[in-house]
Amino acid sequence: MRLRYPDTIRIIRVPCTGKVDVIHILRAFEKGADGVYVVGCLEGDCRFENGNLRARRRVEQARTILDSIGVGGDRVKMFNLSSGEGPRFAEYAVEMTEKIEEMGPNPIKIAMRKKAA
Amino acid sequence: MIVASKKPIEEIIEMVKDFQKILIAGCNECVTVCEAGGKKEVGILASALRMYFMNQGKKMDIDEVTLERQCDHEYLEELRNTVDQYDAVLSLACGVGVQFMAEKYFQTPVYPGVNTCFMGVTEERGVWTERCQGCGECILGRTAGICPISRCAKRLLNGPCGGSTKGKCEINKDLDCAWQLIIDRLKELDRLDEYEQIIPIKDWSTERAGGPRSVIREDVRQ
């Protein structure tokens, strides 16, 4: 397929999106990530029944927390696709990257650099 | 278990913002089960606060610990040698744990990270409901195992009242009438005749109205 998607994205593989917890998302921001998106199977298609539904709720929790601490809840998002949808994976990568570029860098990263300087 | 809910992060920030080094202390018991103050919640809150204060350009060191319990000396003692390093402790235990921490470490300010709500059950994940008010004189044996003190809005001992409609309480259409539940269960148990027995006036002095309470067991006391 040789699809192109932004090279700023770092993929972290998990056995199921149900493995992703709020703390994993927050730690990514603490370490300077500009955005985090979780790509799970289509709703209703989870091999473990409700892993992707749990992930969606955790993404929502992370969004609320990020909003309340001034980092911006829109920096985190949940996407769903099937394993056969390579082009859609690339589309989501582009969509998320554009969104994050529009929002600018993670303010925590800027604050960390200021502190280190 | 004791059920608690998370305090809004804005309220927590307001409590701790003037300190430079704090310890967030979780509890492995009830608040872990009700997902308000266990190890996971400690990690999430610590991460969120670190980011908030970093973003504000304020120096704030935040350490994390989760004790087995905060309502017993032996576990709280684990902090004996380290608690002095902190300007304050933010305890995610129930109000009992927060107070015991404050009693034990007199020189360290202690703040609550959760709102302690009631003694209740996990009806389903994310839904906790009240079952006991600790009235000090249990009458469950007379009420088919359903507590009218904690589950009836009026705490009626001989109900239901006129506000019971189609099995629901007048204060909330989603709330079961405790006395309807009692009658239904007595019917199931084929013991409806017990419903005819009037429950006498309760001794409320064993409840909170009688002032702060204690249980002293001389047989196990050391």
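**Model and confidence**

The structure is a predicted model. The predictor assigns the complex an ipTM of 0.93 and a pTM of 0.93. For chain B, the average pLDDT is 96. There, 100% of the residues score at least 70.

**Contact between the chains**

Chain A brings 15 residues to the contact and chain B brings 13 residues. On the chain B side, α1 (9–16) and α3 (39–55) each supply at least two residues. Helix α3(B) gives the most to that side, with 10 residues. Sorted by class, the side of chain B that touches chain A holds 6 nonpolar, 4 polar and 3 charged residues.

**Helix packing**

Two packed helices are described by the angle between their axes and the distance between the axes. One pair below lies within chain A; the other joins helix α4 (residues 107–116) of chain A to α3(B).

| Helix pair | Angle | Axis distance |
|---|---|---|
| α1(A) and α2(A) | about 40 degrees | 9 Å |
| α4(A) and α3(B) | roughly 60 degrees | within 8 Å |

Take the pair within chain A. Helix α1 spans residues 22–30 and helix α2 spans residues 51–68. Their angle of about 40 degrees makes α1(A) oblique to α2(A). The crossing of α1(A) past α2(A) is right-handed. From α1(A), the contact uses Val22(A), Ile25(A), Leu26(A) and Phe29(A). They meet Arg58(A), Gln61(A), Ala62(A), Ile65(A) and Leu66(A) of α2(A). By class, this contact has 7 nonpolar, 1 polar and 1 charged residues.

Now the pair across the chains. Helix α4(A) crosses α3(B) at roughly 60 degrees, so α4(A) is oblique to α3(B). Here the crossing is left-handed.

**Strands in chain B**

Strand β2 (residues 21–27) of chain B runs parallel to strand β4 (residues 88–91) of chain B, and 4 bridges join them. Within this pairing, Ile24(B) stands opposite Leu90(B) in β4(B). Strand β4(B) also runs parallel to strand β5 (residues 110–112) of chain B, joined by 3 bridges. On that side, Leu90(B) stands opposite Tyr111(B) in β5(B).

Conventions
Residues are numbered from 1 along each chain as its sequence is written. Chains are lettered from A and ligands numbered from 1 in the order in which they are written. This is a predicted model: local features need pLDDT of at least 70, side-chain atom pairs count only at pLDDT 80 or more; totals for chains, interfaces and linings use all residues. Two residues are in contact if their C-beta atoms, placed from the backbone, lie within 7 Å. Ala, Val, Leu, Ile, Met, Phe, Trp, Tyr, Cys and Pro count as nonpolar, Asp, Glu, Lys and Arg as charged, and the others, Gly among them, as polar. Axes are lines fitted to C-alpha atoms, for helices over the stretch in contact, and angles run from 0 to 180 degrees between N-to-C directions. Angles under 35 degrees count as roughly parallel, over 145 as roughly antiparallel, 65 to 115 as roughly perpendicular and the rest as oblique. A crossing is left-handed if the near helix is turned anticlockwise from the far one by less than a right angle, and right-handed if clockwise. pLDDT is the predictor's confidence in each residue, from 0 to 100. Two strands pair if DSSP finds at least two bridges between them.
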